[in-house]
Amino acid sequence: MIRLKDFWQKIKAELLTDKDVVLALIVEKKGSAPRGVGAHMLILQDGTTVDTIGGGILEHLAVEKAKVNLVQKKSSIEDFSLNNKTAAQIGMVCGGQIKVLLQYLNKKDLPQIETAINLLENGQKFIVKIAWKNQMNEFDFTILAKEDKELKHKSSLEINADGGMYLEKFKQNPTVYLFGGGYVAQEVAKLLPDLEFDYAIIEERGEFANKKYFPKARDIIITQYEDFSSKVKIAKTDFAVAITSGHEKDTIVLEQLLKIKPAYIGAIGSRHKKAYVEKYLQQHGFDEAQIKSIVMPIGIDIKAETPAEIAISIVAQLIQKRAQ
């Protein structure tokens with residue numbers, strides 16, 4: 001899996017070289033399936049793919065149909081019925097009914113793709129709108145700014161005798177700001193890129209804040225924690241994880257984060273540390289609601305003990321928060 005912006009940049013790069021592509025979207029699922037509605041994949045002219053809609057026989061069938069669409073220069077919506085035998089090949093408990101929209105894209109779609117990329121770069125959400133008419137076999141592909149059309153749920157599918165329309169919200173995944181570069185942070189950083197999270201490291205100690213430990217970091221900032229807010233721009237949609245070298249430094253970080261108000265603030269904390277932090281923040285003017293917005297102790301309770309186990313519990317919670 002790759003970052004959402006990179007996915008759309010890949011579409012742009014292919015179209016700029018006159019290589020048509022097919023965008024595959026799962027638009028409906030009944031029964032079990034490895035991935036749900038909104039899973040997306042890009043099929044290139046040579047049959048290779050970018051990202052995944054679940055792998056196995058489902059993906060194979062979608063790619064084979066997409067190859068036909070590329071030759072015929074058309075889009076289609078396909079129903080794949082997976083019986084128990086084929087379902088087993090992709091890890092499904094039982095067969096499912098999956099509807100996949102295969103949207104053919106060529107150079108004329110570049111303005112729409114560029115709109116999507118620009119919105120992502122500005123931290124904005126957008127909606128993919130695909131409408132089609134059965135009689136004319138035409139699929140209209142449009143990118144809408146979220147403000148142009150409100151969508152209550154992540155996606156919407158309408159099909160009637162004349163055709164149909166599919167709408168889906170897309171948004172750039174939050175950047176995870178890791179405060180501290182110790183063993184837990186290093187283990188967390190190993191997991192984030194494959195889950196489509198960007199991450200940045202903020203650390204006082206230069207010996208920990210380097211590419212050796214964080215090769216895929218978007219940014220590594222060496223600064224005193226008291227000064228980080230003047231050097232780092234954290235968006236309201238981003239996540240922040242305080243795992244510094246001690247509870248006093250964590251508290252300094254948390255005090256500033258409560259003023260910035262990112263979407264998620266988490267900190268490692270024992271009962272003693274939590275009491276210390278809460279008392280400190282109360283004394284510095286923060287109310288109960290603000291203090292309770294900090295997730296401490298961070299992570300899903302899986303009885304984790306080692307840095308690698310703690311990292312799994314933390315990242316699992318970040319995934320959970322992202323899905324909300």
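Strand β11 (residues 198–203) is largely enclosed by the rest of the structure, because six of its six residues are buried (buried means under 20% relative accessible area, exposed over 50% and partly exposed in between, with a 1.4 Å probe and protein chains only). Welcome to a predicted model, in which local features need pLDDT of at least 70, side-chain atom pairs count only at pLDDT 80 or more, and totals for chains, interfaces and linings use all residues. Residues are numbered from 1 along each chain as its sequence is written, and side-chain values use heavy atoms, with hydrogens and water left out.

**The chain overall**

- The chain holds nine helices and 15 strands; helices (H or I, at least four residues) and strands (E, at least two) are DSSP runs, numbered from the N terminus.
- Along the principal axes, the C-alpha atoms of the chain fill a box of roughly 70 × 45 × 40 Å.
- Of the 324 residues of the chain, 47% count as buried.
- Among contacts in the chain with a separation of 6 or more, 60% come from residues 24 or more positions apart (contact means heavy atoms within 4.5 Å).

**The six-stranded sheet around β11**

- β11 belongs to an open sheet of six strands with parallel pairing, in the order β12-β11-β10-β13-β14-β15; two strands pair if DSSP finds at least two bridges between them.
- The edges of this sheet are β12 (219–222) and β15 (294–295), each of which pairs on one side only.
- Within β11, Asp 198, Ala 200 and Ile 202 point one way, while Tyr 199, Ile 201 and Glu 203 point the other way, and all are buried.
- β11 runs parallel to strand β10 (residues 175–179), and five bridges join the two.
- Ile 202 in β11 is the bridge partner of Phe 179.
- Further along, strand β13 (residues 239–242) pairs with strand β14 (residues 264–267) in the parallel sense over four bridges, and Val 241 has Gly 266 in β14 as its bridge partner.

**Helix α9 and its partners**

- Helix α9 lies across β10, β13, β14 and β15, and runs at about 155 degrees to β13. Axes here are lines fitted to C-alpha atoms, for helices over the stretch in contact, and angles run from 0 to 180 degrees between N-to-C directions.
- α9 (residues 307–323) also packs with helix α5 (residues 183–191) at an angle of about 55 degrees, with their axes 8 Å apart. That angle makes α5 oblique to α9: angles under 35 degrees count as roughly parallel, over 145 as roughly antiparallel, 65 to 115 as roughly perpendicular and the rest as oblique.
- On the α5 side, the contact residues are Tyr 183, Val 184, Glu 187, Val 188 and Leu 191, and those they meet in α9 include Pro 307, Ile 310 and Ile 314.
- The residues of this contact divide into 11 nonpolar, no polar and one charged. Ala, Val, Leu, Ile, Met, Phe, Trp, Tyr, Cys and Pro count as nonpolar, Asp, Glu, Lys and Arg as charged, and the others, Gly among them, as polar.

- Five bridges pair β8 with strand β9 (residues 163–170) in the antiparallel sense, and Ile 159 stands opposite Gly 164 in β9.
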